[in-house]
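These entries record what I looked up in the structure.

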Amino acid sequence: SWRRFARSASGATDLGGAWIWPEAMPTMVDLVKRLGQDLERQEGAPGFRVRGGVPALLVKLWKELCGNGDREGITLLYNAKGEHVAEEPDRVVLRILAADLQAPPSSDTSKLWLKGAGCWKQGRPLSVRARHVLLALPPAKIMQDIKLTGEQVHHYLTGQMRRQMAQQPIWMAPAGKLALGYPEKFWSVGQLASAADFPPFGDASGSAGGRAFQFYDAGKDGALHMVVAFVSCGQGAENPYGAEAMADIVVGQLAQTGHADLFRRYESAELKCWKTDLHVNVSGDAAAFPRQPRPIPGINAEAPGHRRRIWFAGSEAAERMPGFLEGAASNGRATALRALAAMAG
């Protein structure tokens, strides 16, 4: 979703993925540079933060696609979701449910699905015909939300492949972000880092309770200095935490590092848990953090003697760094090139 914490387009605090490690993420670095977006180094940490978060990148990508309104043959739909992809011998038909009331993406938009406008209830079905379709959702979301049919589909989308896709975890889906606002900055980056408690991978129970596993100084947002924590949102299909309950847990971690009274005097607390956000996660996911997706071998492989027209271009479908921004950028590009090659063949 487009929802974000920052109250201005240049604000530092965001809800989505925002971290880049240049040595490991060359495709993302190239994309950020091409879009002219700023990167901010986090003092004492190896990574960089995208100023404004991924929403800022998406707005710039949107504007690039729109151009000056003179992009012939390009149709952009937003506030929409795919329901059915039917592969035919010479084309693909994509059925989309699109909201009647729409607003172009903006850094100030509170949510992609317009809140309280009733627009989603008036969704109208549309059919789009194309030679190829690239789906950039997590494979598990595709299996749950989109029907894939056609005489050729079963040759490359076998029963085993469908099961692998449905069972693949969505990275960070059981986690979330908490933003705490303070009138003054009194902490050091090292102090924030020392409060983190990352649950071990391979632990079947994961982090069954709420806990902050990474902190960073998000700079100033309006009049407040922001501390942002990546948090585990517990076990179970429902999110058991509100912002204040999670803040109590996280402030307790911070207080152990010193300045206990000051950490408890936050003026704002905002929480976004992705577990129950159906724009991000599958429904009924009760797993605890962390669960890292593994690559799905052959997810975009050709079937000998059969031309495929449906491709999986999202981050979790990546061969390298699935679930991360680099996986999204690199797999999106690689899958688009595959589809173009298939069109030319």
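I counted two residues as in contact when heavy atoms of theirs lie within 4.5 Å. The model is predicted.

**Entry 1: Trp-187.** I located Trp-187 in the loop between strand 9 (175-182) and helix 6 (189-194). Is Trp-187 buried or exposed? Its relative accessibility is 5%, and buried means under 20%, so Trp-187 counts as buried. I then listed its contacts, leaving aside neighbours within four places in sequence: Tyr-182, Leu-192, Asp-217, His-225, Met-226, Val-227 and Phe-263. With one of these, Asp-217, Trp-187 also makes a polar contact, side chain to side chain, at 3.2 Å. I looked up Leu-254 as well, which is 67 residues from Trp-187 along the chain; the C-alpha atoms of the two are separated by 9.8 Å.

**Entry 2: strands 4 and 5.** I noted that strand 4 (residues 80-88) and strand 5 run antiparallel and are joined by eight bridges. Two residues lie between these strands, and together strand 4 and strand 5 form a hairpin. Which residue of strand 5 stands opposite His-84? I found Arg-95 there. For strand 5 (residues 91-98) I recorded six of the eight residues as buried, and thus the strand as mostly covered.

**Entry 3: the whole chain.** I counted nine helices and 13 strands in the protein chain. Of its 345 residues, 46% are buried. Among contacts between residues at least 6 apart in sequence, I found that 71% join residues at least 24 apart. The accessible surface of the protein chain comes to about 16500 Å², and 52% of this belongs to carbon and sulfur atoms.

Technical notes. Residues numbered from 1 in each chain as written. Predicted model: local features only at pLDDT ≥ 70, side-chain atom pairs only at ≥ 80, totals over all residues. Heavy atoms only, no water. Buried < 20%, exposed > 50% of the residue type's maximum accessible area, 1.4 Å probe, protein only. Helix = DSSP H or I, 4+ residues; strand = E, 2+ residues; numbered from the N terminus. Pairing = 2+ DSSP bridges. Polar contact = N/O pair within 3.5 Å; in protein donor to acceptor, adjacent residues only side chain to side chain. Areas by Shrake-Rupley, 256 points an atom, 1.4 Å probe, with all protein chains shown as cover.
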